[in-house]
Amino acid sequence: MPARLFRDHPDYLRLWWAAAATNLGDGALLAAGPLLVASLTKDPAAVASAVFAQQLPWLLFALTSGALADRLPRRTLIVVVNATRAGVLAALAAVVAFDADRLWLIYLVLFLLGTGETLADTAYGALFVETVPKDLLGRANARLTLTFTLGNQLAGPPLGAVLFAVGAALPLGFHAVAYAVTVVLVAKVAVSPPLPDPEPSTLRADVREGLRWLWHNPSMRVLALCVLVMNLTGVGAFAVWVLYAEQRLGLTGFGFGLFVAAGAVGGITGSWVYGRLEQRFGHGVLLRAGLVVEAFTYPVLALTRDPWFAGAVMAVFGVHAVVWGSVATTVRQRSTPTELLGRVGSVYQLASVGGAALGALLGGVLARWTGLLTPFWVAGGAVAAMTALAWRRLREVTPVG
């Protein structure tokens, strides 16, 4: 299958390499960013606010970005946005190199990066669907998820921690180079000529059309709700990840990077077995099983102080994340008309990243006032309740195309 994807679909290969470069840079920043903020403050709310700053644009601009991704040339949109993000990161790297970093400046840069992300990620998701046949979307998504796991969780975080130890500006500069690489790769992707718009409309009308389509598809609605709850509560726990690792597990620096990378071990396994699982069990079973795994993960992490056991739990979580994410994305992509891919995708991104933004803020506040482990217990209870409510509906989830 991988050989067929790469041999018969060269544009998919280019997008895959672009995803690999971006995720490696994101992974480096995943460890280096919290370490940079934690070097300036130990306040849980301040640390969580850095996560919130990057994800806030999804709450503000997600739906508009989806409409723009359906209206503007998607390839051009990705190229322009990633070139801009490369420049912003390079500027921050220069500031940090001269020891002029301030929390407000870091928050501002993260907000700008997040704003670009609402446009680039939404356009990338829609452009990706055009590069492979629908019958290969599931396995192609699993391979992209594996790339995310390897770069964002396995290789990136330890690399970011090492670069940060050498110089705080290095991981920022590295991420800027990664974005520059994606600009070159995506610019070479062939695109189909845009379809003529029979009736000029406003962005607001475009957004309403996407929301209307989603509302009239019950399976898509329940998936969006699951994504919202999982990210709203789960990221509330992960937003204080660096403090959990330091204070609960006794990890710092490179050890923190390795702990974040532990989930990648399970993610690799999940990607390898995805095709067989999809064929044997179907989408509904995999979605329900994944919710059960997630519901148990957070309370188990809250109960342990053993970093090795916590790492093993994250490996299991990694299997779930790859399989569940690939199934949910594939169902949505195969069910959504091409002309609505950006708008419908943006609703899911709003639920996912926008929910994560609110979760990061709430998680930091909960950790500050009620204890570091409270967000973990809240996440476990909320996902368990969501699982019970969505159980029957998830059994009916089936892609249209």
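In which helix is the place of E294? E294 sits in helix α11, which covers residues 254–303. Helices (H or I, at least four residues) and strands (E, at least two) are DSSP runs, numbered from the N terminus.

The model is predicted: local features need pLDDT of at least 70, side-chain atom pairs count only at pLDDT 80 or more, and totals for chains, interfaces and linings use all residues. Residues are numbered from 1 along each chain as its sequence is written, and side-chain values use heavy atoms, with hydrogens and water left out.

## The chain as a whole

The chain holds 14 helices and zero strands. Its radius of gyration is 20 Å, close to the 21 Å that the globule rule gives for 401 residues, so the chain is as compact as a globular protein of that length. The radius is taken over C-alpha atoms, and the globule rule is 2.2 Å times the number of residues to the power 0.38. Along its principal axes, the C-alpha trace spans about 55 × 45 × 40 Å.

Of the 401 residues, 55% are buried. Buried means under 20% relative accessible area, exposed means over 50%, and partly exposed lies in between (1.4 Å probe, protein chains only). The accessible surface of the chain is about 17,100 Å². Carbon and sulfur atoms account for 67% of that surface. These areas come from the Shrake-Rupley method with a 1.4 Å probe; for residues, only the protein chains shown count as cover.

Contact means heavy atoms within 4.5 Å. Take the contacts between residues at least 6 apart in sequence: 88% of them join residues at least 24 apart.

## A buried charge

Back to E294. This residue is buried yet has no salt bridge. A salt bridge is a side-chain nitrogen of Lys or Arg within 4 Å of a carboxyl oxygen of Asp or Glu. The nearest side chain of opposite charge, R288, is 15 Å away. Here Lys and Arg count as positive and Asp and Glu as negative; His and the chain ends are not counted. What does E294 contact, leaving aside its neighbours within four places in sequence? The partners are M230, F317, H320 and V383.

## Salt bridges

The whole structure has seven salt bridges. Three of them are listed here.

| Pair | Closest N to O |
|---|---|
| R343 and D206 | 4.0 Å |

R14 and D11 both lie in helix α2 (residues 10–38). They are three residues apart, about one turn of the helix. R14 is partly exposed, with a relative accessible area of 28%. D11 is buried, at 16%.

R343 has a salt bridge with D206. R343 lies in helix α13 and D206 in helix α8 (residues 203–215), so the pair ties together parts that are 137 residues apart in sequence. R343 is buried, at 8% relative accessibility. D206 is buried too, with a relative accessible area of 9%.

E209 is partly exposed, at 35%. Salt bridges that share partners join D70, R71, R74, E130, D206, E209 and R343 into one network.

## A nonpolar patch

Which residues form a nonpolar patch on the surface? They are L59, L60, F61, L358 and L362, with about 410 Å² of accessible area together. Patches are made of residues with over 30% relative accessible area and no salt bridge: like charges are joined within 9 Å, nonpolar side chains (Val, Leu, Ile, Met, Phe, Trp, Tyr) within 5 Å.

Helices α3 (44–71) and α13 (341–370) each supply at least two residues of the patch. The largest share, three residues, comes from α3. L362 has its place in α13. This leucine counts as partly exposed, at 48% relative accessibility.

L350 is also found in helix α13. L350 is partly exposed, at 24% relative accessibility. Not counting residues up to four places away in sequence, L350 touches W58, L59, A62, L63 and G355. L350 and L56 are 294 residues apart in sequence, and 9.9 Å apart in space, C-alpha to C-alpha.
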